[in-house]
Amino acid sequence: MEWTGLNELREKYLSFFESKGHLRLPSFSLVPQHDKSLLLINSGMAPMKKWFTGEETPPRKRVTTCQKCIRTPDIENVGKTARHGTYFEMLGNFSFGDYFKHEVIPWAWEFCTKVLEMDPEKLYISVYEDDDEAYDIWTKDIGVDPSHMVRFGKEDNFWEHGAGPCGPCSEIYYDRGEKYGCGKPDCKVGCECDRYIEFWNLVFTQFENDGNNNYSRLAHPNIDTGMGLERLACISQDVDNLFEVDTVQNIMKHIMKIAGVKYHDDEKKDVSLRVITDHVRSTTMMISDGVMPSNEGRGYVLRRLLRRAARHGRLLGIDRPFLYEVAETVIKENDTAYPNLLEKHDFIINVIKAEEENFAKTIDTGLNMLEEMVKNTDGKVMSGTDAFKLSDTYGFPLDLTKDILEEKGMTVDEQEYTALMTEARKKAREAHKDAGAEAWKSSGNATKGMEKTPFIGYETLSGDSEILAVVVDGEKKQAATEDDNITLVLSETPFYAESGGQVGDVGVIKGNGFEFTVENTTKTHEGVILHHGYISDGETVSCGDKVHAEVNRSVREATMRNHTAAHLLQAALRGTLGTHVEQAGQLVNSEAVRFDFTHFSALTSEELKDVENKVNSVIMAAMPVVTKEMPIDEAKKLGAMALFGEKYGDIVRVVTAGDFSVEFCGGTHVKNTGSIGLFKIVSESSVASGVRRIEAVTGTNVMKYIDKNNELIAETAKNLKLTNYHELASRAAALSAELKEKEREIASLEAEIAASKTADLMKDAKQIGGVRLVTADIGEAGADALRSLCDKALESGDDIIAVFAGKNAEKGTASFACRVGKKAIECGAHAGNIVREVARVAGGAGGGKPDSAMAGAKDVSKIPEALKKVSEIVGAMLA
């Protein structure tokens, strides 16, 4: 077969199956849509699960794709071998109850031998041991020699994952020749060496497993095939591994140029080159699909990959941010297949650069801290507490710590680390949990199988309807009473269901003898609109009741003002800050607009003022706001902004505000920007690394905001005994100066007190070996006061070891400080180790440098016992 580039192989495959009546679909996002079972898409069929199960209808019964995939279970092996990678592309052709074995097998053979011109003598086929049908097609219809056929058991050639659709599979192998073999006389298909490489798997989904390994035939069997694009390129280009495939090698060459190294010259450097090459491919693709660095979920995967790559850059001698430069090559090598890489170019580069710069600020300190922890670790296992501190304080993902420790022949106590991380995440989840939303989620199960609810709320805020379903506590009922928590489904509704960041409508639903107050409106994945609330007048509400639904007009109109303002805000931000700005989340209700966006530094007061002025200028210009449905390609030509990671249909709804803003949006909006009235930014803050948040108000809420501020100013002036609030600034400046002067006086007095206390404490110093030890419970004292006392004690000589304890009565916590003089260090004393052991007695932890360290503890009552232990700890060190 001829040498063929990776990009050309992809196109040949997709074009071939288009010629066989398949619909070519672009790669789905790496972020799973409506599938909580996956963190990231990891196979070609994963985004199509609901098409295979029949829950959703595919756009055509025959589909072909090249799917971006990420797999990270063996991330620690990436780089160490040339076989492992986290990012790959999976070619696939799929049949949803259409064709089956008699079609897919001949097509597979045709593509391999005719399109790619593979030598049939180098192709080998495996089938499931009981699949005589597939065996006969290969041997009798195609003419494959039986000596090139292999039957394997269930472990190798039967695809299933517990209960559900499953079936046998047939794999195609390519014989790469003896040079890739292991040299054993029995080397054959199935050998672990690289000679016979499996590159295409044809899965025949023809059975249903009931979960107890009882199989029944499917009425409409499916076809799911998968072929790794990089693996196919290895065969076509006759290279050893994916890192030597043309497009991937071009990325590596860019890294080599920056680092001034060559591949295959040094195995350690090769490991780093492979790690960086793989990880920068993965991260570029993840960011292009809207994944942002964070400490949770897929954002954490992204951060791990970026930081691992950055650290390997350091091992190659690159001491500056550089991954964002390599990402340019990733984009260049892939932009034909994935045009969104060009659309998101600035965004991708800025996210990677910002994450690198953030990590660079802490990596040196973190590496030094890690080295210190290694020195202070007895044995070969670092504590989980230390690993957690590195992660929590210095941004070192666990696998990065493990990588570095492995180079030193050490491991980490992962059980302790996991316990600490689980506790931290539990606290975070509890802080954000929305009990009300959780309760409403169950309503969707009771409405399964119902038709999508027609929404009339774009045109009107009221309308006649009929109750199709009554749901009480997640169960469908014929009727509900005034004491129940109720969800209603109507035949049609003017109530907007929460989506796209816009809250659900509130209002009333009136029927014969009852009134139902709608507190919130949501919808199921299938589009069934759910009205949540209670009977506010009357006693019962029943399925089949004729009703009149009325949305609260003032609340909806205020929400519409805020939603349209959010569109104007995004356009203004892109105009002021740059096109890297993308929506990262929003919440619009009747009170305010909260808009999260990608940006890498706090906005200056000038930038905020410019954004605010841009929005208000559009409002004052009273531009028409037009909503229109159109084909997605037409919308893209108009430059419509899409929500990151969102999957859109062929027809989309586009909202245009004059010539200022064009966005995809299914929400409700004002008819004219002038209806917004006024726009005022009330806050700007950080949400996560690379994500900022602006909160703003519009319309009458601006007047409420002004009134509230005026009240605050008046109250402040009153408290400062000012009759004229114009004097507030000068009075505040004078007070600040007075406070600073008082603070200086207090600091001076504290120093005198510390000197006096230290002199008294030094009288009780113990002589242990060649050092003097002084300990004391200072009582109510903070960390700064304890450090100050330790510093004073050290003035008495470099043979001093000072350990002082203090407590915070309000919080019920204890603190320990330790200082060790130079001579005491030479004798074997170590402040970090001393304070760690001392704090442990009182249920705490800590550490630090040989000469200075701090620790915290939870049990104040154990302070005397902890201090009593110091002599023993120091004595053991000096022995």
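Contact is defined here as heavy atoms within 4.5 Å. The structure is a predicted model, in which local features need pLDDT of at least 70 and side-chain atom pairs count only at pLDDT 80 or more, whereas totals for chains, interfaces and linings use all residues. Residues are numbered from 1 along each chain as its sequence is written, and side-chain values use heavy atoms, with hydrogens and water left out.

S43 is placed in the loop between strand 1 (23–24) and helix 2 (49–53); helices (H or I, at least four residues) and strands (E, at least two) are DSSP runs, numbered from the N terminus. With a relative accessible area of 15%, S43 is buried (under 20% relative accessible area; exposed is over 50%, and partly exposed in between, with a 1.4 Å probe and protein chains only). A polar atom of the S43 side chain lies 3.3 Å from the backbone nitrogen of A46. When residues up to four places away in sequence are not counted, S43 touches Q67, C69 and R71.

R176 occupies the loop between strand 7 (164–175) and strand 8 (196–209), and its relative accessibility of 10% places R176 in the buried class. Leaving aside neighbours within four places in sequence, the contacts of R176 include D194, R195, C234 and D238.

Helix 12 (residues 345–375) comprises 31 residues and should span 45 Å at 1.5 Å a residue, which agrees with the 44 Å between its end C-alpha atoms; the expected span is 1.5 Å times one less than the number of residues. A kink of about 35 degrees in helix 12 is centred on T362, the bend at a residue being the angle between axes fitted to the seven residues ending there and the seven starting there.

Terms used:
A polar contact is a pair of N or O atoms within 3.5 Å; within protein, one must be able to donate a hydrogen and the other to accept it, and residues adjacent in sequence count only if both atoms are side-chain atoms.
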